[in-house]
Amino acid sequence: LGMDFGQRKAKAEKMFGLMDVFLKNDSVSLQKDILDHVEYTVARSRFSFDDFEAYQALSHSIRDRLIERWHDTHLYVKKQDPKRVYFLSLEFLMGRSMTNSVINLGIRDQYADALNQLGFEFEVLAEQEGDAALGNGGLARLSACLMDSLATLDYPAWGYGLRYQYGLFRQIILDGFQLEQPDYWLNFGNPWEIERVHVSYSVKFYGTVEEEDLDGERTKVWIPGETVEAVAYDNPIPGYGTRSALNLRLWAAKPSDKYDMESYNTGDYINAIMNRQKAETISNVLYPDDRSYQGKELRLKQQYFFVSASLQDIIRRFKDNHQNFDELPDKVALQINDTHPALAIVELMRMLLDEEHLDWNRAFEITCKIFSFTTHTVEPGGLEKVPVDLLGHLLPRHLQIIYEINYKFMEELKKIIGQDYDRLSRMSIIEEGAVKNVRVANLSIVCSHTVNGVSKVHLQLLKERVFKDFCELWPQKFHYKTNGVTQRRWVVVSNPNLCSLISKWLGTESWIRNVDLLGGLRQYATDPDLQREWKMAKKVNKLRLAEYIETLSGVKVSLDAMFDVQVKRIHEYKRQLLNILGVIHRFDCIKNMSASDKGKVVPRVCIIGGKAAPGYDIAKKIIKLCHAVADKINNDADVGDLLKLVFIPDYNVSVAELVIPGSDLSQHISTAGHEASGTGSMKFLMNGCLLLATADGSTVEIMEEVGAENMFIFGAKLDEIPALREKGASLKAPLQFARVVRMVRDGYFGFEDYFKSLCDTLEEEKDFYLLGYDFTSYLEAQAAADRAFVDQEKWTQMSILSTAGAGKFSSDRTIEEYAKHTWGIEPCKCPF
Ligand code: 8GP
């Protein structure tokens, strides 16, 4: 201690007499390492171990190498003491780690070689790994992509989240119905994490607030009623093409040893133990609701548990080198991912006021300089609210602070807008009514220096709808950072064929760090050699997907067909139902066609996948409808290979890695104004899939980059929607639409009673998502896709241009923008 990084390294080298203190990556060293882990970590004989044990040993060997970089990064950053960003998110959808790790570490081929020598295949072992599914959907996967980019670009950053024991439920399909099975992902251990038993903090709940005299001043003291321990689990995140590795620190709840002597004195030893065990339930399970908030105590406990532990950790780190809290905003940027971690704002205020004894104004000023907030929502109704009673019961001191923040905010606001009570009440952090609520978004806006949307149109919607009052008050606070995805995971890991093809034609692998270089493909878009290789790469990926489909569902699909894919969470606004109705229409047309017309049909394999929240009835019916329609179509001899419909169960990150590269066309067809961004579209785009889309969220910007002529755009525009909704029943849906809905209603696919409520949502006066109105233009866009597919040369050109135009949608660009404009941080690259 007290030595700088160079001195430490010099000392280590001297101590061990080694010039190179790092693990070696030649084939023999790797083999030895894997075998050592077989013997000493997995405790199997090196002469007898199976694929799973080989996977375990291999992952431990990779982890060793991650740990080296991770230590070096931490020591170096600690020494430099730059401003760091802390990314707080209740959800991270990391997927698998193995392939991504070896690629980012630059030792993929060495490992493949070493394994071959041992008689194993890297790809086979990689399949042994389960997904880390600690999130629901878009927001959670975005967090994972941003972490990859932060590491790759050498930013001093930490991720903080919760280590749920049960990740997102596994979706099982039984007779076409979704069933939810627990995802007990830690069953077989998790070699990628490091348990830090010594990094733990006490988190307190319940109790009362009392006033005490402190140096002659009245101070509030929170006497908590329950204490739970938060234990850190660290997950190294390696950057690509750099030695930097960041830390994603996830907290697990454990019973506390402190403060509960009382319960042991009652003599009821067994019950006392049982009660202690309850503490662990806090981090047990991820809430599977993508977007509905029910004001549940456990959910609030999860939120506070994770922000309290994270802030204690962050403040401890700050205090290692600093005493003066005025320096906090120069050293710490706190990013809250949606409103879920917003209690961090209140917790920081509480720590500064009650523990560090700063006065209110100073504490508030510091807090507001530190927080930035990104919203992922478009629906004003989708904003999180917490009943005041619940919050006051669980966190009495925090409720007082929220009231105080609100009181001061309201006083300030009155000075600006006067006595406009409607507006004041809309902007208040407290919602009055039969049940009083804390509006978490309002709290986040008031106390953040920057509020970001996730796409250009999203910002427009924030200004016009969601946060109109706030945008008018503080226009300079609101910005947007268009989402992005990491090309490492979504091309290099998941589409190795395309990856080597791109590198070959660009003559460099630099695009993996600098994705704008993909633009260089444009000049070859019509080159017959590239076109041939491009088509071949796609075909190999389609074959992989076709085999997967056949194993899952027994449906054989033709590789000559267009693979038309819609994979994402099931939501009415995402309109999987529009897709299914389109498929029914296509089926109906084929059934009524002459033999010669059938010869002109472009064969399609329509693929749908996604999970419905367990309590979301209509979404579950959409899944059942997809299966019912698939049953009919896939077994119809008149249709044969001209049309297949397949539902891919349990869609998750690793399934996406297989599905996306094998797609020709992908659908992003939300009603305009409902998708804040959408990131699936970007993954498909990078993989050279053509997009059939409405102008909504990210697709508007994709259009600017690749050109509408290289996409199939349809549907009502954002500014037309309000008037269309107004017209309601007088908007006549086209006959074709009425006909396909009637087929479902009349039981053509069976289950007519079950589908009744689903069909009711499509009645003219109720068709909120405008499926009927958009149906005609949807079918036209589909027909345009068919025409384009017939001309394979043209199609391949459009496909190459899609990849070439994907540069903007890398999360590297997103992170650069956040770093520069929101967080004010600089890269801090370890020189070793
Ligand atoms: C999603 C948005 O719906 C999507 O448009 C966007 O691309 C993505 O966030 C990333 O910005 N929102 C959510 O996933 C979301 O709100 N989830 C909350 C319930 C966790």
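The model is predicted: local features need pLDDT of at least 70, side-chain atom pairs count only at pLDDT 80 or more, and totals for chains, interfaces and linings use all residues. Residues are numbered from 1 along each chain as its sequence is written. Helices (H or I, at least four residues) and strands (E, at least two) are DSSP runs, numbered from the N terminus.

**Domains**

- The domain assignment gives domain 1 (1-80 + 106-126), domain 2 (85-96 + 131-396 + 819-823) and domain 3 (487-492 + 542-808). Such bounds come from an automatic or database domain assignment.
- Domain 2 and domain 3 have C-alpha centres 37 Å apart.
- Across this boundary, 27 residues of domain 2 are in contact with 23 residues of domain 3. Two residues are in contact if their C-beta atoms, placed from the backbone, lie within 7 Å.
- On the domain 2 side, the elements giving two or more residues are β2 (92-95), α7 (138-152), β5 (167-174) and β6 (177-183).
- Of these, β5 gives the most to that side, with 5 residues.
- By class, the domain 2 side that touches domain 3 holds 10 nonpolar, 9 polar and 8 charged residues. Ala, Val, Leu, Ile, Met, Phe, Trp, Tyr, Cys and Pro count as nonpolar, Asp, Glu, Lys and Arg as charged, and the others, Gly among them, as polar.

**Helix α23 and its partners**

- The axes of α23 (residues 576-591) and α32 (residues 771-790) come within 10 Å and cross at roughly 60 degrees. Axes are lines fitted to C-alpha atoms, for helices over the stretch in contact, and angles run from 0 to 180 degrees between N-to-C directions.
- The pair α23 and α32 is therefore oblique. Angles under 35 degrees count as roughly parallel, over 145 as roughly antiparallel, 65 to 115 as roughly perpendicular and the rest as oblique.
- In α23, Leu577, Leu578, Leu581, Gly582 and His585 meet Leu771, Asp774, Tyr778, Leu779 and Gln782 of α32.
- That contact of α23 with α32 has 6 nonpolar, 3 polar and 1 charged residues.
- The axes of α23 and α30 (residues 735-745) also come within 10 Å, crossing at roughly 95 degrees. This makes α23 roughly perpendicular to α30.
- Here Leu581, Ile584, His585 and Asp588 of α23 meet Gln736, Val740, Val741 and Met743 of α30.
- The contact of α23 with α30 counts 5 nonpolar, 2 polar and 1 charged residues.

**Helix α28**

- The buried residues of α28 (residues 698-706) are Ser698, Thr699, Val700, Ile702 and Val706. A residue is buried if 20 or more other C-beta atoms lie within 10 Å of its own, exposed if 12 or fewer, and partly exposed in between, with C-beta atoms placed from the backbone.
- These buried residues pack against α18 (456-466), β22 (665-668), α27 (680-686), β23 (690-694) and α33 (792-804).
- Just after α28, Gly707 takes a positive phi of about 90 degrees.

- Pro236 sits in strand β10 (residues 226-238). Pro236 counts as buried because it has 25 C-beta neighbours inside 10 Å.
- Beyond its neighbours within four places in sequence, Pro236 is in contact with Leu66, Ile67, Trp70, Ala245 and Asn247.
- Thr208 belongs to strand β8 (residues 208-214). Thr208 is exposed, with 11 other C-beta atoms within 10 Å.
- Leaving aside neighbours within four places in sequence, Thr208 is in contact with Ile223 and Pro396.
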